[in-house]
Amino acid sequence: MKYIIIGGTSGIGLATAKMAVEAGHAVVSAGRDPAKFAAAQLVGATTVQLDASDSGSVQRFFRAQGHLDHLVLCVSGSSGAGLFRELDLDDLRNGFEGKFWPQISCAKAALPTLNPAGSITFVGAISSRALKPGTAGLAAINAALEAMVPILASELRPTRVNAVVPGVVDTPWWSRVPEAAKKELFEQLASEVAVGRVGNPEDLASAIMFVTQNTFVTGTILDCDGGWKLKNA
Ligand SMILES: NC(=O)c1ccc[n+]([C@@H]2O[C@H](COP(=O)([O-])OP(=O)(O)OC[C@H]3O[C@@H](n4cnc5c(N)ncnc54)[C@H](OP(=O)(O)O)[C@@H]3O)[C@@H](O)[C@H]2O)c1
């Protein structure tokens, strides 16, 4: 099977690429920064430079790739967080440009060459339903993706469409937070979830592999969040 993983050069996407290679699949991992390709040490996969926010490049990329069986969308933005009173709406717009639109644009561009018996997997975020002050913007971006999943699963059948929804996961996404502050934040967040730890990229990669490989799963939003929703139960 051929996997294309957009945002497959770091964190959750990279762990998924490695797991798919180990399982014997052909893997193409795409990202913007070639420096990350070398750092990724992704043996047995092809890495391709792509800015998924550029729709022309996205069209050309999928035309050049040809046939694929599974599309995994791990692209992330980092904008759009903050308390609503202080939230800069341009920052929130950038958040949609960095995550919502690239994931949707890749899903649409892949359709002509996607195996009808294959799958599309979006990667959302539990901020969509975490009800945490300061995350209304992130909730909007991720809830928009989640809302589309069951409808796309119905429209695009027999192609399966799912979303995997991470809680807090220790990936390079957090590298913008200074190390000491990140350690403290992770300890705090770990204490708030049922499993008592933050996630690792492999937790999410195995959830992604599950929804891509299990041909009885479609239209599903799979939370892989350490039990965030049990916080107040
Ligand atoms: N880590 C968490 O705690 C967490 C929590 C909830 C949800 N998530 C979601 O999980 C997904 C994966 O995040 P992660 O933590 O694995 O982040 P990450 O380590 O920063 O990886 C993000 C990947 O996306 C690529 N990317 C970003 N913008 C791109 C673009 N325009 N075109 C092509 N590639 C692009 C990055 O490479 P380049 O920068 O080189 O392009 C990188 O390969 C994201 O959707 C994120 O929102 C993560």
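Mentor: Start with axes: they are lines fitted to C-alpha atoms, for helices over the stretch in contact, and angles run from 0 to 180 degrees between N-to-C directions. The model is predicted, so local features need pLDDT of at least 70, side-chain atom pairs count only at pLDDT 80 or more, and totals for chains, interfaces and linings use all residues. Residue numbers start from 1 along each chain as its sequence is written.

Trainee: Why is helix 4 called roughly parallel to helix 5?

Mentor: Take the values for helix 4 and helix 5: their axes come within 10 Å and cross at roughly 20°. That angle makes helix 4 roughly parallel to helix 5. The cut-offs are under 35 degrees for roughly parallel, over 145 for roughly antiparallel, 65 to 115 for roughly perpendicular, and oblique for the rest. Helices here are DSSP runs of H or I with at least four residues, strands are E runs of at least two, and both are numbered from the N terminus.

Trainee: Which residues make the contact of helix 4 with helix 5?

Mentor: Helix 4 gives Leu92, Gly95, Phe96, Lys99, Phe100 and Gln103, while helix 5 gives Gly137, Leu138, Ile141, Ala144 and Leu145. By class, that contact of helix 4 with helix 5 has 7 nonpolar, 3 polar and 1 charged residues. A contact means C-beta atoms, placed from the backbone, within 7 Å. Nonpolar covers Ala, Val, Leu, Ile, Met, Phe, Trp, Tyr, Cys and Pro; charged covers Asp, Glu, Lys and Arg; the others, Gly among them, are polar.

Trainee: What makes helix 1 oblique to helix 7?

Mentor: Helix 1 and helix 7 (201-213) pack at about 60°, and their axes are 8 Å apart. That angle makes helix 1 oblique to helix 7. On the helix 1 side the contact includes Gly11, Ile12 and Leu14; on the helix 7 side it includes Pro201, Leu204 and Ile208. The residues of the contact of helix 1 with helix 7 divide into 10 nonpolar, 3 polar and 1 charged.

Trainee: What about helix 3 and helix 4?

Mentor: The axes of helix 3 (55-65) and helix 4 come within 9 Å and cross at roughly 35°. Ser55, Val58, Gln59 and Phe62 of helix 3 meet Ser105, Cys106, Ala109 and Ala110 of helix 4. This contact of helix 3 with helix 4 has 5 nonpolar, 3 polar and no charged residues.

Trainee: Which are the edge strands of the sheet?

Mentor: The open sheet has 7 strands in the order 3-2-1-4-5-6-7, with parallel pairing. Its edge strands are strand 3 (46-49) and strand 7 (221-224), each pairing on one side only. From one strand to the next, the twist averages 20°.

Trainee: How do you know that strand 1 and strand 4 pair?

Mentor: Two strands pair if DSSP finds at least two bridges between them. Strand 1 (2-6) and strand 4 (68-73) have 4 bridges, in the parallel sense.

Trainee: Which strands does helix 5 lie across?

Mentor: Helix 5 (136-155) lies across strand 5, strand 6 (160-166) and strand 7, running at about 155° to strand 6.

Trainee: What makes Gln41 and Pro158 worth a look?

Mentor: Most residues other than glycine have a negative phi, and most peptide bonds are trans. Gln41 has a positive phi, near 45°. Gln41 lies in the loop between helix 2 (34-40) and strand 3. A cis peptide bond joins Arg157 and Pro158, with omega about 15°. Pro158 sits in the loop between helix 5 and strand 6.

Trainee: Which residues are closest to the ligand?

Mentor: Gly7, Gly11, Arg32, Asp33 and Ser76 are the closest of the 29 residues that surround the ligand. To be near, a residue needs its C-beta atom, placed from the backbone, within 6 Å. This shell has 15 nonpolar, 9 polar and 5 charged residues. The largest share, 3 residues, comes from helix 1.

Terms used: Two residues are in contact if their C-beta atoms, placed from the backbone, lie within 7 Å.
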